[in-house]
Amino acid sequence: VQLQASGGGLVQAGGSLRLSCTGSAGLSAMGWFRRAPGKEREFVAAITRSGTIKDYADSVKGRFTISRDAAKTNLQMNSLKPEDTAVYYCAGQRMFSSIQNIARESTYHYWGQGTLVTVSS
């Protein structure tokens with residue numbers, strides 16, 4: 001399994017970006033995580049294989065939307081803020097364990113290389 005994240009870039013505050021992660025076919029839950037400069041990696045959003053269950057970090061609720069189809073997993077990011085600046089990683093679970101676990105980094109087996117999102121003020 002090889003996950004490939006793309007779509008990052010430089011955007012002004014209030015703008016939008018759409019991240020995509022290919023290689024997610026056959027994987028269970030898919031998630032997006034991010035690491036801001038000087039901080040630890042944190043959960044952003046996750047979606048189950050069927051797409052019926054989604055989970056978001058409080059900091060992005062109402063602004064970010066995760067979705068997936070057979071080939072890729074997307075993260076639509078709207079109303080971006082400077083504090084959203086980070087390297088964004090997509091990740092996939094080999095098998096589903098529980099709804100509670102889709103937000104836990106330790107339950108993900110596969111990781112993409114990351115894509116940089118920079119939001120200017």
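Predicted model: local features only at pLDDT ≥ 70, side-chain atom pairs only at ≥ 80, totals over all residues.

Analyst: Strands here are DSSP runs of at least two residues, numbered from the N terminus.

User: Is serine 24 buried or exposed, and why?

Analyst: Buried means under 20% relative accessible area. Serine 24 has a relative accessible area of 1%, and therefore it counts as buried.

User: Which residues does serine 24 touch, not counting residues up to four places away in sequence?

Analyst: With those sequence neighbours set aside, serine 24 touches Leu3, Met30, Arg68, Ala71, Lys72 and Thr73. With threonine 73 there is also a polar contact between the two side chains, at 3.3 Å.

User: How should I read the pairing of strands, and which sense does the pairing of strand 4 and strand 5 have?

Analyst: Two strands pair if DSSP finds at least two bridges between them. Strand 4 and strand 5 are joined by six bridges and run in the antiparallel sense. As an example, arginine 34 has glutamate 42 in strand 5 as its bridge partner. The two strands form a hairpin with five residues between them, and glycine 38 in the turn has a positive phi of about 75°.

User: How many residues of strand 5 are buried?

Analyst: A general point comes first: in a regular strand the side chains alternate between the two faces of the sheet. Strand 5 (residues 41-47) is mostly covered, with five of its seven residues buried.

User: Where is glutamate 105, and why does it count as partly exposed?

Analyst: Glutamate 105 lies in the loop between strand 9 (86-92) and strand 10 (110-111). Partly exposed covers values between the buried limit of under 20% and the exposed limit of over 50%. Glutamate 105 counts as partly exposed because its relative accessibility is 29%.

User: What does glutamate 105 touch, not counting residues up to four places away in sequence?

Analyst: On that basis, glutamate 105 touches Phe33, Arg41 and Trp111. Its side chain makes a polar contact of 2.8 Å with the side chain of arginine 41. By contrast, the C-alpha atoms of glutamate 105 and arginine 49 are separated by 17 Å.

Technical notes: Residues numbered from 1 in each chain as written. Heavy atoms only, no water. Helix = DSSP H or I, 4+ residues; strand = E, 2+ residues; numbered from the N terminus. Buried < 20%, exposed > 50% of the residue type's maximum accessible area, 1.4 Å probe, protein only. Contact = heavy atoms within 4.5 Å. Polar contact = N/O pair within 3.5 Å; in protein donor to acceptor, adjacent residues only side chain to side chain.
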